[in-house]
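Student: Could you go through a structure with me? I'd like to start with the overall fold and then move to details.
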Amino acid sequence: MIAGLFAYDGVSQQRTASLGMKGISHPSKPSFVDLGSALAWAFLSSSFILTEHAMKTGIIGLPQVGKTSLFTILTKAHLSDQARANPREAHIGVAKVPDDRLDRLAALYNPKKLTHTSVEYVDVGAIGQEALKDTNYAAHLRNVDALAHVVRAFDDPAIPHVGEIDPLRDIKNVEFDLMISDLGQVEKRLERLEKDLKKMKTAELEKEFELLKKAKAQLESEKPLREMQMTPEDKKRIKGFMFLSEKPILYVLNIGESTELGKELEEAGNRYKLTEIASRPNAGATAICGKVEAELSEMSDADAAEFLSSYGLKESGLTRLIRTTYRLLGVISFFTAGEDECRAWQVPANSRAQEAAGAIHSDLEKHFIRAETIRWDQLLEAGSEANARAKGTLRLEGKDYIVQDGDVMHIRHSG
Ligand SMILES: Nc1nc2c(ncn2[C@@H]2O[C@H](COP(=O)(O)OP(=O)(O)OP(=O)(O)O)[C@@H](O)[C@H]2O)c(=O)[nH]1
Ligand SMILES: [Mg+2]
């Protein structure tokens, strides 16, 4: 059976028929006619979890730099004063990834449902060597996929800060703490490995030993592990340690209010000398003004747009921050579009079309035939799938096609 469907719920109905015909029964799984439950079940299917689990970003930084304020506006969380004050408690929340391309597709299809992708943020107490010795605290950070390091650049005598405002110094201090924490772990494991290798030599243990010695040298020369060149095998080998300095990092400059905020935000990286550090492997920088973002988050969309333009801004710093985090995580979005649902799907960059189909549903991956593919802007330009097909901008791609950020895909499958 070949069916081209742009929307997910079409696919789920297709599943009903095909699974029924093959007589596969899943007593614990819902009827696939029920779309809500079908999606819930999709969340449980293994390939879905691999590709579509919300990526986690840990918000770190020195005391009183604006971490919790940023977390609150990102995730629209309502924290009690008690939760805010407790440094041992991590706050976890989800932020929708804003995507203007998806919004524009939705304007074309007018779907019943519009689904963005999301990023999960974890806000922990202030970082420091003592805090990192706390296993609970460290565990929260080890579990994230990337770090957003909030750095204070705003001046406010009422809010204490160690010394002068000096973002680069603060960044180096925090990097140092991350590296010390990793070094402790590396040394402990090396000691253990040395003992084990005396008892029994295996190729795998020797490889791990060599790799960790390399990591130790890297850390001792005060370079984070995210800058160490590694083969994919080596990466896998040390994945289990969840080293903190290995995680991609986004430096978030929290700058003060200004009437020329647009210009200030743009120039902040240069002004605070972050250009070099942000251009290193797996690193990036962005600037926000926490105060203004807090005000924006209380406004209606229309008021927010007016407010932004009065500061000479096209988009909120928050939107940019979420987008940059997404890029740093090494993921891209492709879309499915239809009258029932327009939806963004998150897959690792360089995914093949067949793998991307698996992000929607494992059955689509298994029974993949081809993907009708078009760039989001070409689809908008054509005005409809039929027009795009007539113009030849709607392509038929095979299973090995590398999905591009912004592709709209329509998976043809036999199932
Ligand atoms: N002037 C100014 N004050 C800010 C800004 N962001 C946060 N603050 C204030 O700084 C104080 C600390 O903010 P939090 O968001 O709690 O900072 P934090 O980094 O989570 O603090 P700890 O978790 O205690 O380390 C609060 O009084 C905020 O109102 C900002 O952009 N400008
Ligand atoms: Mg806090």
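This is a predicted model: local features need pLDDT of at least 70, side-chain atom pairs count only at pLDDT 80 or more; totals for chains, interfaces and linings use all residues.

Student: Fine. How many helices and strands are in the protein chain?
Tutor: The protein chain has 20 helices and 13 strands.

Student: And what share of the residues counts as buried?
Tutor: The figure is 38% of the 415 residues. As for contacts in the chain with a separation of 6 or more, 71% of them are between residues 24 or more positions apart.

Student: Now the ligand. Which residues come nearest to ligand 1?
Tutor: Those are G66, K67, T68, S69 and G290, out of 17 residues around ligand 1. Two elements give two or more residues to this shell, namely α4 (67-75) and α14 (290-297).

Student: Which of them gives the most?
Tutor: That is α4, with three residues in the shell.

Student: What is the shell made of, by class?
Tutor: Around ligand 1 there are eight polar, six nonpolar and three charged residues.

Student: Back to α4 and α14. At what angle do they pack?
Tutor: The angle is about 30°, and the axes of α4 and α14 are 10 Å apart. Angles under 35 degrees count as roughly parallel, so that is the term for α4 and α14. Their crossing is left-handed.

Student: Which residues make the contact?
Tutor: On the α4 side they are S69, L70 and I73, and on the α14 side G290, E293, A294 and S297. By class, this contact has three nonpolar, three polar and one charged residue.

Student: Next pair. How do α9 and α10 cross?
Tutor: Helix α9 (residues 167-199) and helix α10 (residues 203-220) cross at roughly 150°, with axes that come within 9 Å. The cut-off for roughly antiparallel is over 145 degrees, and α9 and α10 are therefore described that way. The crossing of α9 and α10 is left-handed.

Student: Which residues meet there?
Tutor: From α9 they are M179, D182, L183, V186, E187, R189, L190, L193, D196 and L197. From α10 they are L205, E206, E208, F209, L212, K213, A215, K216 and L219.

Student: How does that contact divide by class?
Tutor: The contact of α9 with α10 has eleven nonpolar and eight charged residues, and no polar ones.

Student: K216 is in that list. What does K216 touch?
Tutor: K216 lies in helix α10. Leaving out residues up to four places away in sequence, K216 touches L183, V186, E187 and L190. K216 and L190 are 26 residues apart in sequence, and their C-alpha atoms are 9.3 Å apart.

Student: Why is K216 called partly exposed?
Tutor: Because K216 has 16 other C-beta atoms within 10 Å, and a residue is partly exposed when its count falls between the limits of 12 or fewer for exposed and 20 or more for buried.

Student: One more residue. Where is H140, in which helix?
Tutor: H140 is in helix α8 (residues 135-142).

Student: Buried or exposed, that H140?
Tutor: H140 counts as buried because 21 C-beta neighbours lie inside 10 Å, and the cut-off is 20 or more.

Student: What is H140 in contact with?
Tutor: Apart from neighbours within four places in sequence, H140 is in contact with G58, A90, V122 and V124. H140 and A90 are 50 residues apart in sequence and 7.5 Å apart in space, C-alpha to C-alpha.

Conventions. Residues are numbered from 1 along each chain as its sequence is written. Chains are lettered from A and ligands numbered from 1 in the order in which they are written. A residue is near a molecule or strand if its C-beta atom, placed from the backbone, lies within 6 Å of it. Helices (H or I, at least four residues) and strands (E, at least two) are DSSP runs, numbered from the N terminus. Ala, Val, Leu, Ile, Met, Phe, Trp, Tyr, Cys and Pro count as nonpolar, Asp, Glu, Lys and Arg as charged, and the others, Gly among them, as polar. Axes are lines fitted to C-alpha atoms, for helices over the stretch in contact, and angles run from 0 to 180 degrees between N-to-C directions. Angles under 35 degrees count as roughly parallel, over 145 as roughly antiparallel, 65 to 115 as roughly perpendicular and the rest as oblique. A crossing is left-handed if the near helix is turned anticlockwise from the far one by less than a right angle, and right-handed if clockwise. Two residues are in contact if their C-beta atoms, placed from the backbone, lie within 7 Å.
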